[in-house]
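Q: I would like to take a close look at one part of this model, the place where its chains meet, and then follow the picture from there. Please take it slowly, as I am new to reading structures.

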Amino acid sequence: MSKNVLVVDDEAHILHVVSMKLRNAGYAVTTAMDGEEALELCRAEPPDLLITDYQMPLLSGVELCKALRRNEQTRDIPAIMLTARGFDIDAEETRQAGITVVLSKPFSPREMRRAVDDLLNNGHDARGAGVMR
Amino acid sequence: MTTARRFGIASLAVILLGFAAAYYATAMALQGRLAAGVSMRDALLMLVAGVCVLMLLVFWRGVHGSVRCIGSQLENMTRTGEIGLVMTQGRHELAGVTRPLNEFFTNVRSQIEQLRSENRELQIQSRIAAAEKHHTEAIIFSISDAVLVTNQFDEVVLANPAAEDLLGFQLRTSVRRNIDKALGDARMVRLIRETRSHGREQSRKVVEHEIEYKGVRRTFAVTLSCVVGSGNQVSGVVAVLHDVTREKEIAKMKTDFVSNVSHELKTPLASIKAYVEMLQDGEVDDEETAGEFYGIIAKESERLHRLIENILSISRIESGVIKVVKEPLSLTAVAKQVLDVATVQADAKGVTLKRKLAPVYYQVDADSDMLYQVVMNLVSNAIKYTARSGTVAVNTDVDEARGVAICEVRDTGAGIPAEDLPHIFDKFYRVRANNELAKGTGLGLTLVKHMVETVHDGRLTVTSDEGKGSTFTVELPVLR
């Protein structure tokens, strides 16, 4: 079974590209346009990985990840953050929110896919299923 | 003094001699020796005694006259307060006394003269110092920054009205009062004390300090310096409080602006880069999707271009370097031009464009390109945020009483939530609820507002009812 990645961004184009890249790589992709919607999706069915934008309406990427860490069911979901606010990001806060990789916008979908592959194949996933490419 | 004593002793000797001669003559007479015939020696002695007594009288008279003369001159000096020379008026009996006396008087007089001259000098210096003090106070009082001066005992010495106003005390009632009683600001008191006690180790420091002034918290740069007096001792502290609230706000706005600009520029750039890379990596295998990708890249490039143009225009208007060519033109004519072009966009979206235009002869003094951009931006926005089969109405009118030409763009679109309404002219502000309806730079309305109000002295206002529509109104002064 392919691994499920949840992608959250308020820019429709970014959602489009990221989902397409990951689907082509064999991942199952779910999308959300804001942090609260993402949080609900995570609680309903925890994904294997989360890719989130930093600046979003209702709940920022960091706040979303912090909320996930507070819940037993969603605590271990690895997270990648995409951001166009490179200088405003507090590295310590990001680390505490359990965000493993931060990619600066404009980002390379190629690099993003590599980061997803690395995270899902190097034991970050507690459920440990294989990845179909 | 010695001369006077010697003179006294001589006088006493002569008097005694006279008394002896007289006594002797009297004794002789009593013994009857005179009747029996006075010897030659006795007669001579008596004569000498007589002469002596006579000389003594003459001498006494002379001395007495001189002393009276000197006494009257001294009395005269006492009366007039002037020290002169003591004259003996040809009587030389007391010359030995008057010479040193006159030398002494001459010395005293020259010393008095010198003291008088020094006194005059001091009076002049004192007047100059008072004038300089007054001048310095006038300078300190005229400074708009708050200035407070304390002495080595931490007492208030001087403060200007700005300091009185800001720190809430009155100089008149606070002079020589300790600062912990005069000032209600504990941190300020501590800062002044620390500066004084650290003294020469640290001659000047600048500390940021917040003070609530007229109900608003303001930030001040407080410059504290020690006043070092003679003997290199700290004789007080000068505190100057400069309001940096506005500077800090501007600095923050600049940082936020740069941060927002870079975020807004990176967003379309991120899409362009991602789509280009997808095409390069062969992630798209059908023509149709590839065509869609090229279309997105073109649109995002256009968005990036508009964003850069808008940022530059706003920046030019704000810094006053934009080239404005104003000429008399009709707002109605401009609205017509815009409507002709916007019909295509409205038709494509299925939105009905309505118009109700005032006669063209009312003119405003405006830059035609800018005015076109203003109306076009408002009409284009109205179409973007209005759903299919909605209506956008463009009306022009003139309010003769207020002397303004009016252009109103009214739509039956999504409307603006009440909480967003006060911010919609802010840079990069986007109504999140309407984010899905149209892509924007978040700068369009900021630019329109600037063009209407900063460049043309007009007014741009908005009213909106969420879910029912919005009305943007441009008012420009009519040319008479």
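How many residue pairs are in polar contact across the interface of chain A and chain B, counting pairs with both residues at pLDDT 80 or more?

A: Across the interface of chain A and chain B, in what is a predicted model, 12 residue pairs are found in polar contact, with both residues at pLDDT 80 or more. On the side of chain A that touches chain B, the helices α1 (12-24) and α5 (109-121) of chain A each supply at least two residues, and α1(A) gives the largest share, seven residues. Sorted by class, this side of chain A has nine nonpolar, six polar and seven charged residues.

The contact as a whole takes 22 residues from chain A and 27 residues from chain B. The size of an interface is often given as the accessible area lost when the parts come together. Here chain A and chain B bury about 2,300 Å² between them, and 53% of that is on carbon and sulfur atoms.

Charged pairs also belong to this picture. Side chains of opposite charge can pair when their charged atoms come close. Five salt bridges are found across the interface of chain A and chain B, while a search of the whole structure, over all chains, finds 31. One that involves both chains is the salt bridge between the side chains of B:E283 and A:K21, at 2.5 Å from N to O. Because B:E283 lies in the loop between α8 (245-280) and α9 of chain B, and A:K21 in helix α1 of chain A, this pair joins two chains. B:E283 is buried, with a relative accessible area of 15%, and A:K21 also counts as buried, at 3% relative accessibility. These two residues are part of a network of salt bridges that links A:K21, A:R110, B:E277, B:D281 and B:E283.

A second salt bridge to follow is the one that B:R303 forms with A:E11, where the closest N and O atoms are 3.5 Å apart. B:R303 also meets the side chain of B:E300 in a salt bridge of 3.2 Å, N to O. B:R303 and B:E300 both lie in helix α9 of chain B, three residues apart, which is about one turn of the helix, and both are buried.

Helix α9 of chain B leads from here to another part of the chain. B:N310 lies in this helix and counts as buried because its relative accessibility is 12%, under the 20% that the term requires. Not counting residues up to four places away in sequence, B:N310 touches B:T441, B:L443, B:G444 and B:L447.

Just after α12(B), B:D457 takes a positive phi of about 55 degrees.

At 10% relative accessibility, B:E475 counts as buried, and a polar contact of 2.8 Å joins its side chain to that of B:R402. Leaving aside its neighbours within four places in sequence, B:E475 is in contact with residues including B:R402, B:V404, B:I406 and B:V452.

Methods. Residues are numbered from 1 along each chain as its sequence is written. Chains are lettered from A and ligands numbered from 1 in the order in which they are written. This is a predicted model: local features need pLDDT of at least 70, side-chain atom pairs count only at pLDDT 80 or more; totals for chains, interfaces and linings use all residues. Side-chain values use heavy atoms; hydrogens and water are left out. Contact means heavy atoms within 4.5 Å. Buried area is the accessible area (1.4 Å probe) that two parts lose on being put together, summed over both. A salt bridge is a side-chain nitrogen of Lys or Arg within 4 Å of a carboxyl oxygen of Asp or Glu. A polar contact is a pair of N or O atoms within 3.5 Å; within protein, one must be able to donate a hydrogen and the other to accept it, and residues adjacent in sequence count only if both atoms are side-chain atoms. Helices (H or I, at least four residues) and strands (E, at least two) are DSSP runs, numbered from the N terminus. Ala, Val, Leu, Ile, Met, Phe, Trp, Tyr, Cys and Pro count as nonpolar, Asp, Glu, Lys and Arg as charged, and the others, Gly among them, as polar. Buried means under 20% relative accessible area, exposed over 50%, partly exposed in between (1.4 Å probe, protein chains only).
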